[in-house]
Amino acid sequence: MLPKPSPDPKSSMWAWLAHDLRYYRLRRGLSGDAVARLLNCGRSTISRLENNEAKPTERQMEILDARWETGGHFSTLLFYARLGHDPNWFQQHIDVESEASVHKVFESQVVPGLLQLPEYARALIAESGASNVEELVEERMGRQAILTREPPPVLLVLLTENVLDWPVGGSGLMREQLAYLGEVSERPNVGIRIVPKAAGAHYGMNGSFKVMTGPSGDVAFTEATGGGRLVLSPTEVRSYVLRYDRIGQKALPEDQSRVLIKQYMEALG
């Protein structure tokens, strides 16, 4: 079977890095097995790196730079790739999400996707202007299957009080969504805590994010209008973990959070 063509190096920094991994290897007449031995990984990992289906580590790039005397070429590409926007950000986010054993989520505006009812998700997606609303709703609901696998991941959620107060889809739908939040918060693998308005300014004022712990360690994800970004740098990921912990210092305990969720639900009739 013929190998996949190299990614277009003009499409993104990650694609450029993947392209050059193959280009430099072939220019030296090396097999994938030889590079795998050099990086102490499997041959399949080399294939995935060269096809932009996996992300290299800083240490791997340092090894190649030193052995191939590139002048820091791969380490520099990795540095800028981590800073930039990746066109494949959504699929990579889903891949990490599906493998994570622990999810720490902070959401300042809406109920997180993993806890949305189909009707709530539909109301949000419809307002985004998407033309394939039902397809996107089905996709989002499919992602929630990870919560019922065995063993299920741990899901720790911090929500601002604003999330409870914003009637997405109308008061009737919002009541159902809040009831579901109260129900799911009783699961042993789920924790939901509310950051009350009375907390004032806090470390989450800059936007929503999540930290996912999987087989390769911690990865952070932050979303913005028009796209999102996976954060792979250990130093930067630690800053998100710290933000999560600092926001949590302002949040109510789980039992008080359930009471507040119930109060908002009952206020909707």
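**View 1. The buried residues of helix H2 in this predicted model.** Gly32, Val35, Ala36, Leu38 and Leu39 are the buried residues of H2, where buried means under 20% relative accessible area with a 1.4 Å probe and protein chains only. Looking down the axis of H2, you will find these residues within an arc of 160°, so they line one face of the helix; the arc is that of the directions from the helix axis to the C-beta atoms. Helices here are DSSP runs (H or I, at least four residues), numbered from the N terminus. Residues are numbered from 1 along each chain as its sequence is written. As the model is predicted, local features need pLDDT of at least 70 and side-chain atom pairs 80 or more, while totals for chains, interfaces and linings use all residues, and side-chain values use heavy atoms, without hydrogens or water.

**View 2. The neighbours of H2.** The buried residues of H2 pack against helix H1 (13–27), helix H3 (43–50) and H4, with contact meaning heavy atoms within 4.5 Å.

**View 3. Where H2 crosses H4.** The axes of H2 (residues 32–39) and H4 (residues 58–68), lines fitted to C-alpha atoms over the stretch in contact, with angles from 0 to 180 degrees between N-to-C directions, come within 10 Å and cross at roughly 110°. That makes H2 roughly perpendicular to H4, a label for angles of 65 to 115 degrees.

**View 4. Side chains between H2 and H4.** From H2, Val35, Leu38 and Leu39 meet Gln60, Ile63, Leu64, Arg67 and Trp68 of H4. The residues of this contact comprise six nonpolar, one polar and one charged; nonpolar covers Ala, Val, Leu, Ile, Met, Phe, Trp, Tyr, Cys and Pro, charged covers Asp, Glu, Lys and Arg, and the others, Gly among them, are polar.

Key: Helix = DSSP H or I, 4+ residues; strand = E, 2+ residues; numbered from the N terminus. Parallel < 35°, antiparallel > 145°, perpendicular 65-115°, else oblique. Buried < 20%, exposed > 50% of the residue type's maximum accessible area, 1.4 Å probe, protein only.
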